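Q: Could you take a close look at one thing for me, namely the links between side chains in this chain? I'm new to this, so please spell out the terms as you go.

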Amino acid sequence: MQGNLIKVSIMNAKRILTSLVCGSLCLLTACDSGSSSSVQPVDPIPGNELTASSDSSTPIPVPESSVSGSGVAVTNPPSGAANLAMPTSLYGIWKPYHYVTLEEEAVAYPSMGSGFAANFAAFGNAGRVIWSTSTDENCWIPEAQGTPKYKRGCTVSEGIGYGMLISLFQGDWDTFNRIWTYNRAFRQSPYINGTELMPWLVGTFDITNVPSAVAATDADLDVATSLILAYYMTSNAAYLNDAKLIVNAIWKHLVNTEAKILYSGDTPVWKKATSAYNLSYFSPVALRLFALVDTDPTHNWKDILDGEYAYMTAIQQAGVGVFPDWTSVTGAPIDPKNGSATKTYWTFNKESVRIPWRIAWDQYWFQDPRATQILTTLNTFISGKSGGNVNNIPATNFSYASAYGADVTNTKLSVQWLGAWCLTGMGNNPTWLSNCTTLFNTMPMETSLTSYFPNILQMMFSQLMNGLYVKPSNMGI
């Protein structure tokens, strides 16, 4: 035991040093379909010293987990094939494998766990979404050596946003509140720069373990979205007050006000004239909700919504009908230079798989004609490739345009890709949507040490397709 304690102490010291040196240098390799890799250094600009958060004195009260929803409208299911029981069944598989509470890990790893309660004393009960196995030593749990959890000690901010949305639409308030608590604790950790944006990569329930303090835009959008929806479902102002802090930080750090689109991250490397943009980070529902609750007259969220839609539409129309994973500010495919997509950035791949879900959500709730157009163009493309048969969807990551590179052919159509192609039917092809939803609902959730990404997308796509994305009626939009 003494040896373990020494090893843990050494690793914690190393983690603190790593977060200080690399916090502003690393970002964005969470969405993989295979094993997790080490964080890639992408920001060469030094001097971004980390300071304590300026707003960590008074904790936001955590609402009771038994709070019930109110003012919620019944939304018609997206298709006649919707099955409300299906996402609940998947949740019973996803949650035990990919979610853990502070108490559970404190008991499992007593040497590390002795500090967990102190970390979260000001915030309350916490839980985290577990990332896939990683080669980064900051993500290893010494006391778990020899078990499947050994190299699964990290959580990515993306997973926190997704986890909050998933638990919200499942009506699991205890899990929702615990994940929110985890988010708040790391946003206010003294080991980051106090922006109210969550660090992209953090470890267990140890707020000193922040391998990368860079923010990933999609995560903060999803966290703020879930909190705003929680407020309208419960009337608990604690959710709204915290959401406003994040929304303000997003405007300050993650919005390109000149181009009227969202940056991919908050550090200077993502804000150069040559920086890469990620279309799967565009959440039109989030921007609509921000416009609803943000009272700062200088924050024109509608401009950003319109700018993002114009940007996406122009990119889609200039290619074969799909999107590249990464684009320049002018809309051309571009290598993000973070080691994640050097050989695939021009293809509709592991980033863009989320685009149909985000746009279909906007179509489902707000029927924006721009969403209809984007989804219809995608559906026309895949219908042509499959002969209109959902059983014949190719296992291919299609090239945005042959001038940039070839398609990437795979041996198996992954479940998250089946779901993404299904959701394109929400534009103007109800037969496709119904047939594809039926097929998607037969897909088992296959958990493994590297299944974080396909499992979490399967969970969210299933909730949307099967009618669990219920829009609160009291929002007034």
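What follows goes through the disulfides, a pair of helices, the salt bridges and then one more helix pair.

A: First, some ground rules. This is a predicted model, where local features need pLDDT of at least 70 and side-chain atom pairs count only at pLDDT 80 or more, while totals for chains, interfaces and linings use all residues. Residue numbers start from 1 along each chain as its sequence is written, and side-chain values use heavy atoms, with hydrogens and water left out.

Now the overall picture. The chain has 16 helices and eight strands; these are DSSP runs numbered from the N terminus, with helices being H or I over at least four residues and strands being E over at least two. Of the 477 residues, 61% are buried. Buried means under 20% relative accessible area, exposed means over 50%, and partly exposed is in between (1.4 Å probe, protein chains only). As for contacts (heavy atoms within 4.5 Å), take those with a separation of 6 or more: 73% of them are between residues 24 or more positions apart.

Let's start with the disulfides. A disulfide is a pair of cysteine sulfur atoms within 2.5 Å, and the chain has two disulfides. Count the bonded cysteines along the chain and the pattern reads 1-2, 3-4.

Why is the disulfide of Cys422 and Cys436 left-handed? Because the torsion about its S-S bond is about -75°. Since Cys422 lies in helix α14 (residues 415-423) and Cys436 in helix α15 (residues 430-440), the pair ties together parts that are 14 residues apart in sequence. Cys422 is buried, at 0% relative accessible area, and Cys436 is buried, also at 0%.

(Axes are lines fitted to C-alpha atoms, for helices over the stretch in contact, and angles run from 0 to 180 degrees between N-to-C directions. Under 35 degrees counts as roughly parallel, over 145 as roughly antiparallel, 65 to 115 as roughly perpendicular, and the rest as oblique.) The α14 and α15 crossing is left-handed; that label applies if the near helix is turned anticlockwise from the far one by less than a right angle, and clockwise gives right-handed. Where they meet, the α14 residues include Cys422 and Trp421, and the α15 residues include Cys436 and Trp432.

On to the salt bridges. A salt bridge is a side-chain nitrogen of Lys or Arg within 4 Å of a carboxyl oxygen of Asp or Glu, and by that rule there are 16 salt bridges. Take Arg354 and Glu158, whose side chains meet at 2.9 Å, N to O. They link distant parts of the chain, 196 residues apart: Arg354 is in the loop between α11 (301-318) and α12 (355-366), and Glu158 is in helix α6 (residues 157-170). Arg354 counts as buried because its relative accessibility is 0%, and Glu158 is buried too, at 4%.

Another one pairs Arg187 with Glu196, with their closest N and O atoms 2.6 Å apart. Arg187 is buried at 0%, and Glu196 is buried at 9%.

Then there's Asp368 with Arg288, where the closest N and O atoms are 2.6 Å apart. Asp368 lies in the loop between α12 and α13 (369-386) and Arg288 in helix α10 (residues 284-293), so the pair ties together parts 80 residues apart in sequence. Asp368 is buried at 7%, and Arg288 is buried at 18%. Arg288 and Asp368 also belong to one network with Lys302, Asp306, Asp362 and Arg370, joined by salt bridges that share partners.

Finally, compare another helix pair. The axes of helix α8 (residues 217-234) and α12 come within 14 Å and cross at roughly 25°. That makes α8 roughly parallel to α12, and their crossing is left-handed. Asp218, Asp222, Thr225 and Leu229 in α8 meet Trp357, Arg358, Trp361 and Trp365 in α12.
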